[in-house]
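Subject: Structure for you to look over

Hello,

Here is the structure I promised to pass on. Please open it alongside this email, and my notes follow below.

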Amino acid sequence: MSNVETYVVNEQVLCYHGPLMYEAKVLKVHTGSEPHPATGQEGPHYYVHYKGWKQTWDEWVPVSRLLKVNEENMKIKNSLHLGTHLNSGASKTAKGADKNAGGSATSYVRGAGRKDGGTRGQKRGRDEDEASKRPELKMTMPELMKAQLVDDWEAVTKNNQLVSVPRQPNVKQILEEFGAYIHKEKPPNLPDPDAHLGSVLSGLRTYFDRALGKNLLYRFERPQYASIREKFEAEQKEMSEAYGAEHFLRMMVSLPQMAASASLDPEAVSVLGKYCDILLEWMVRERSRLFLRMEQYDQASIQYQNLSRS
């Protein structure tokens, strides 16, 4: 327990809520040894208020969901560090992400920060040096999209609900609609659509198809995924024709890490970032028809719930 961070009342902290990290303030501290009634977990718990959120979201959280506010952890927050490398050289990392899918990413982030001694540590140091030289994909996640992610997380992990698949519109259709919007509206300060739009859209769709089964699903969704994948593979269709905006938005959170693993040149990263910002703004405006409302999620049967836990 000596390595467990401690926090005090009124301390500003970073707190995981679903797949994202938010700034929060500690309101109360619980240090009893018995399992906490709010979570059923042992160990220190903290009652937190999320900055900018209504008080109805205040909650007790175990210490594993908290991080200190410092430069390193703020970088993790700002980059929405939930993605994993998708290239073949990062399969080990992807397996680790599968284990954490749908839960707090604390263990994944802390594991990535450990320093091993000897040759492994030297190799990791070289890898980190190389990664630091790669251009960073910068994109702004709108607040409404952050709220959408939290609602989606709550529906699946707390309410035992599922996104009905196949979805309409699906990811393939969403990207086609966005492409049509770009050609029609020609947003200013956007790199030449004739030169870049096609590759951006095809790249996003490819990223989605590759990432979905590895690190975009909550554990509760995996039986559903196995069923729809079997059906669509038999029809020679991709998962971007089955899933919709809810899962696509989860991919957008992970996109900076995916782009880093693809070794894109600085110009390509800059172009991708500008298109992603416009895409997210467009999704905000179209959210009423792109995303399911909470009450539109399917309630999973008891049989399915038992299967998902087996």
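A polar side-chain atom of glutamate 246 lies 2.8 Å from the backbone nitrogen of leucine 292. Keep in mind that this is a predicted model. The side chain of glutamate 246 also makes a polar contact with the side chain of arginine 167, at 3.0 Å.

Where does glutamate 246 sit? It is found in helix 9, which covers residues 245-261. Glutamate 246 counts as buried because its relative accessibility is 2%, and buried means under 20%. Leaving out residues up to four places away in sequence, glutamate 246 touches Asp152, Val163, Arg167, Leu290, Phe291, Leu292 and Tyr297.

Next, the nonpolar cores. The largest one has 76 residues. Those with the most contacts inside this core are Leu204, Tyr243, Phe248, Met251, Met252, Leu255 and Met283. Which helix gives the largest share of this core? Helix 10 (residues 266-285) does, with eleven residues. The core also draws on two domains: at least three residues come from each of domain 1 (11-85) and domain 2 (143-309).

Now the strands. Strand 2 (residues 20-30) pairs with strand 3 (residues 45-50). The sense is antiparallel, and the pairing runs over six bridges. Valine 26 stands opposite valine 48 of strand 3. Strand 3 pairs with strand 4 (residues 59-62) as well, again antiparallel, over four bridges. Here tyrosine 46 has valine 61, in strand 4, as its bridge partner.

Last, the chain as a whole:

- Secondary structure: twelve helices and seven strands.
- Burial: 45% of the 310 residues are buried.
- Contacts: of those between residues at least 6 apart in sequence, 73% join residues at least 24 apart.

Then go to leucine 255 in the core of 76 residues. Finish with the pairing of strand 2 and strand 3.

Best wishes

Conventions: Residues are numbered from 1 along each chain as its sequence is written. This is a predicted model: local features need pLDDT of at least 70, side-chain atom pairs count only at pLDDT 80 or more; totals for chains, interfaces and linings use all residues. Side-chain values use heavy atoms; hydrogens and water are left out. Helices (H or I, at least four residues) and strands (E, at least two) are DSSP runs, numbered from the N terminus. Buried means under 20% relative accessible area, exposed over 50%, partly exposed in between (1.4 Å probe, protein chains only). A polar contact is a pair of N or O atoms within 3.5 Å; within protein, one must be able to donate a hydrogen and the other to accept it, and residues adjacent in sequence count only if both atoms are side-chain atoms. Contact means heavy atoms within 4.5 Å. A nonpolar core is a set of buried Ala, Val, Leu, Ile, Met, Phe, Trp, Tyr and Cys residues joined through side-chain atoms within 4.5 Å. Domain bounds come from an automatic or database domain assignment. Two strands pair if DSSP finds at least two bridges between them.
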